[in-house]
Amino acid sequence: MVLLSFDIEEFDMPLEYKGQIPFEKQISISQTGLERILNILKKHQVKATFFSTVVFAENSSTLIERLLNEGHELASHTWFHSEFEEKHLKDSKDRLEELFSTKVTGLRMPRMMPVSKNAVEEAGYSYNSSVNPTFLPGRYNNLKVSRTYFKEGEVIQIPASVSPNFRIPLFWLSFHNFPLAFYKKLASDTLKKDRYLNIYFHPWEFAEIKEEAFRLPGFTVKNSGEDMVSRFDDFVSWLKNKNHTFGTFQEFQKQIES
């Protein structure tokens, strides 16, 4: 099964690089990207999971309702993208369920931030996909974490996919910066070894984010916007031609627990 997921959030990354972007533009850029993602998924008739901050969801209700109506899953990306308190785990889950009358069972922390395992369980989540089991200087050092899903207490941990050899991460930056043929090779190797693929993206990658005021480094904006739309469309077509199935995290959890 292919698990496509998207962290839908306010586009505040320019602030990490001392760039400038007003809040309204943070939201509108992610909305543009989300609409483009939904169009691609609808074209190919594949399902995905969307981890949303409450901030983005409250400002994008029409798009959230659309993704739910089209059969996708809504999960929590906590309340804010760049501010976190432990109480946000339960508060965000409850708020998303209240706003959209859907059952929220999954969590992904912003920027794959570490989080208390007990707090996640106590907040009522049944799965957590907040670990990238690789080494990335200055960001992750998770080489001792299982590459594949495992149970901790009552919560299933579903790490992001990395290649079987050398744990090369298959996250969004790899998709933008590796030659697409090489990325497909890594994805194929991972699917063959693990029998599933868990990869994640963000809506703003599909929008125009090369503005000078954002001050984003080249590796974050390479193959973004319309180039990303084309690249992702090609990738989904390739997976479908290989006869891989697509599903939500909830569907995957039911499959592995049955």
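The lining of the largest pocket is made up of 13 nonpolar, four polar and six charged residues. Here Ala, Val, Leu, Ile, Met, Phe, Trp, Tyr, Cys and Pro count as nonpolar, Asp, Glu, Lys and Arg as charged, and the others, Gly among them, as polar. This is a predicted model, in which local features need pLDDT of at least 70 and side-chain atom pairs count only at pLDDT 80 or more, while totals for chains, interfaces and linings use all residues. Residues are numbered from 1 along each chain as its sequence is written, and side-chain values use heavy atoms, with hydrogens and water left out.

A pocket is an open set of points on a 1 Å grid over the protein atoms alone, where a 1.4 Å probe fits and protein lies on both sides within 12 Å along at least five of seven lines; lining residues have an atom within 4 Å of a point. The largest pocket has a volume of about 370 Å³, a volume being the space filled by probe spheres set on the points, which are joined across faces, edges and corners. Its lining holds 23 residues, and Met13, Arg111, Arg139, Tyr140 and Trp172 lie nearest the centre. The elements that give two or more residues to this lining are α1 (13-16), α7 (172-177) and α9 (218-221). Helices (H or I, at least four residues) and strands (E, at least two) are DSSP runs, numbered from the N terminus.

The second largest pocket holds about 290 Å³ of space. Pro114, Val115, Lys117, Ser130 and Val131 are the closest to its centre among 15 lining residues. That lining divides into eight nonpolar, four polar and three charged.

Now turn to helix α5, residues 87-100. The buried residues (under 20% relative accessible area, 1.4 Å probe, protein chains only) of α5 are His88, Leu89, Ser92, Lys93, Leu96, Glu97 and Phe100. They sit on the same side of α5, because they cover an arc of only 160° around the axis, taken from the directions from the helix axis to the C-beta atoms. Ser101 follows α5 and has a positive phi, near 50°.

Most residues other than glycine have a negative phi. Thr78 has a positive one, near 70°. Thr78 lies in the loop between β3 and α5 and is buried, at 0% relative accessibility. Phi of Met112 is also positive, near 55°. Met112 lies in the loop between β4 and α6 and is buried, with a relative accessible area of 7%.

Notes
Buried < 20%, exposed > 50% of the residue type's maximum accessible area, 1.4 Å probe, protein only.
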